[in-house]
Amino acid sequence: MPTAFDAPGHDPAAVTEFLKNTVPFTALEEETLKELAQRFFRVSFPGGTVVFRQDVDDVDHFYLIFSGRIKTYLTGLDGAVTLLDFREKGGYFGALAIIRSSKANFSVETLESTVCWAVDKEIFLDLLQNYPRFAQHYLKTFSEDLATTAFAQIRSIKSGDRPPDGFHLHSKNVGEVIGRPAEFLHASQTIQQAAQRMSELEIGSVLIHDPSGELVGIVTDKDLRKKVVATGLDCNVPVATVMSSPVRRIPYHTLWFDALLHMMKERVYHLAVERDDEIVGVVSVRDFMLQAGASPLYLFREIESQRTIQALYSLSEKIPRVVRSLVEEGARSGNITRIISVLNDQIVHRMLTMLDAEMGPAIQPYCWITFGSEGRKEQTFKTDQDNAIIYKTPPDDPESVKTARLYFRKFGNEAIRHLEACGYPLCPGKMMASNPRWRKPYRTWREYFDRWINTPEPEEVLRATIFFDFRPVYGEMEFGEDLRDHLTARARSEGIFLLHLAKDFLAGRSPLTLFKGFQVEKEGKYKNCLDLKKQGLTPFVNFARLMALRNGITETNTQERIELLAKGDLIPRGLYLETRDAYEFQMQLRLVHQLRLLEAGRSANNFVDPSELSDVEKQTLKESLSAIGRMQSYVKSEFGILT
């Protein structure tokens, strides 16, 4: 390495002053700092120096950056480089490898001439041993560095063809790609004037404002085709006649991923970009396509454009490729599962819309609900169907009751048949809308939940863990929302029911042995494998559900439940951070594991062989699984359970 090492003890006063202002050295007494300063030495690196090479170089010193700037990165098996971090004055490197007694875990390269204060690794380890507050800081950052490295490693998918380099949804914001300022027209100007302006500027939309300058609408080329040309509307009428309103807005610094998700969820194709309360541009679906190439939004629109139910059957097969792109762009599991849920919801929404048209008006207004992982928006790849129908309670006469029952029997059976043809497997437990028990009037559903809460027997607790994560997807959404509010209020008021849920949660055990090894399958098809869903993720799901119900939180997604618990100071901050990170890592590992299986032509499953993981992945998985015990200790304390 091209470096210049200065003599030990170089300017100890300067080192002492620097350490005084650098966390966590600020926790040390001044005399300790003065003594420590004698042990540091100055190291200079020219710009462009590769200080450490991943998996090659030994790390014998701990470095604090005094001036300059470095970057850290990983190089995959295929040569692809993944940026991890930038660090500057006050930052450090070398700690992770020293703590783990390993080669450099990632590469470190200077971006400009950089000066560091360095100390032998033995002295750094001695500080960790003798100063708890100092150790706490670096052990925490050790976990963060380890997790960052592990996320980057599992992002590297080793099978299948890599798609072309894509637009990074998670590193660019919409403001960076606005091509031109927003174009405005007054609401009183004519349709013809709007068309002329759009043609002259070769743009696909103009914004409309009223006399006060307030943004009131948008006119797009689609509006001109469908509302003017197709209907023969007079082009001299005010443009406000055909504008769409209101206009959705997003902040200038919104990430492209969040803009994409907003477009998909709101079913809009233009967003006004706002900066300092001023509209500075418009981004559209077309802009997104040009930047991102094949994208979730492209598949979303493809689903939306289908005109027959049969045409939907093959579209779910395209979801894995979308997920691969998101993984390689650096998307975390929470964002990926949200995209999968939106795409799956779109298939369900489009199928039910066409089934409604095919069967004619429903006998009673209804709501289609999903539960389990679908209800939590945590689907990975084609999990079993978990769905049901809530319909308006019919008039209390035999004929009305029978007519509604027969209609929804046919509707439920047809819907499940089509979803199976779309590639969504049938639920082995028959918890689907084709089962007469799970297509009932609203009144019956309230009775179901009341009974499950009032009779907390083991079977009813099991029902609760499945059905209490439901969410409405299609139809009269208020049926599902009202039922959610009802069960949340009831569950929160029933201490015995919550106690049974807590005991059920405590019955599970962390899949780690006494000596921190993995408890794996001993025989059978998945011998030596860990069931990541049952043994790893389910305890986090159960913990988040229990604490959400206890505190009246109606959200169903596990990560969002944990976030809301933390925001309300309903769980300790440290437990929140540990739980959030542990759950997210396991979900990421599960997603990439399943994606690799699918690309190899195999069925997706949840069984991971720890021997196939890298050292960093194994270490991070162990840390994430150890969080289960700490969640259980917290629940024992909160519910006063003695075991």
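Modeller: Before we start on this predicted model, one term: two strands count as paired if DSSP finds at least two bridges between them.

Biologist: What sheet do they belong to, and in what order do its strands come?

Modeller: They belong to an open sheet of 3 strands, ordered E13-E14-E15, in which the pairing is mixed. Strand E13 (249-251) and strand E15 (278-284) stand at its edges with a single partner strand each, so one side of each has no neighbour in the sheet. From one strand to the next, the twist averages 35 degrees.

Biologist: Switching to the sheet with E5 and E8, what is the strand order there?

Modeller: That open sheet has 4 strands in the order E3-E8-E5-E6, and its pairing is antiparallel. Its edge strands are E3 (50-52) and E6 (81-87), each of which pairs on one side only, while the twist from one strand to the next averages 30 degrees.

Biologist: Over how many bridges do E5 and E8 pair?

Modeller: Strand E5, residues 70-75, and strand E8, residues 107-110, pair over 4 bridges in the antiparallel sense.

Biologist: Which residue in E8 is the bridge partner of Thr-72?

Modeller: The bridge partner of Thr-72 in strand E8 is Val-108.

Biologist: And what kind of bonds do strands of a sheet pair through?

Modeller: In general, strands of a sheet pair through backbone hydrogen bonds, in either a parallel or an antiparallel arrangement.

Technical notes
Residues are numbered from 1 along each chain as its sequence is written. This is a predicted model: local features need pLDDT of at least 70, side-chain atom pairs count only at pLDDT 80 or more; totals for chains, interfaces and linings use all residues. Side-chain values use heavy atoms; hydrogens and water are left out. Helices (H or I, at least four residues) and strands (E, at least two) are DSSP runs, numbered from the N terminus. Axes are lines fitted to C-alpha atoms, for helices over the stretch in contact, and angles run from 0 to 180 degrees between N-to-C directions.
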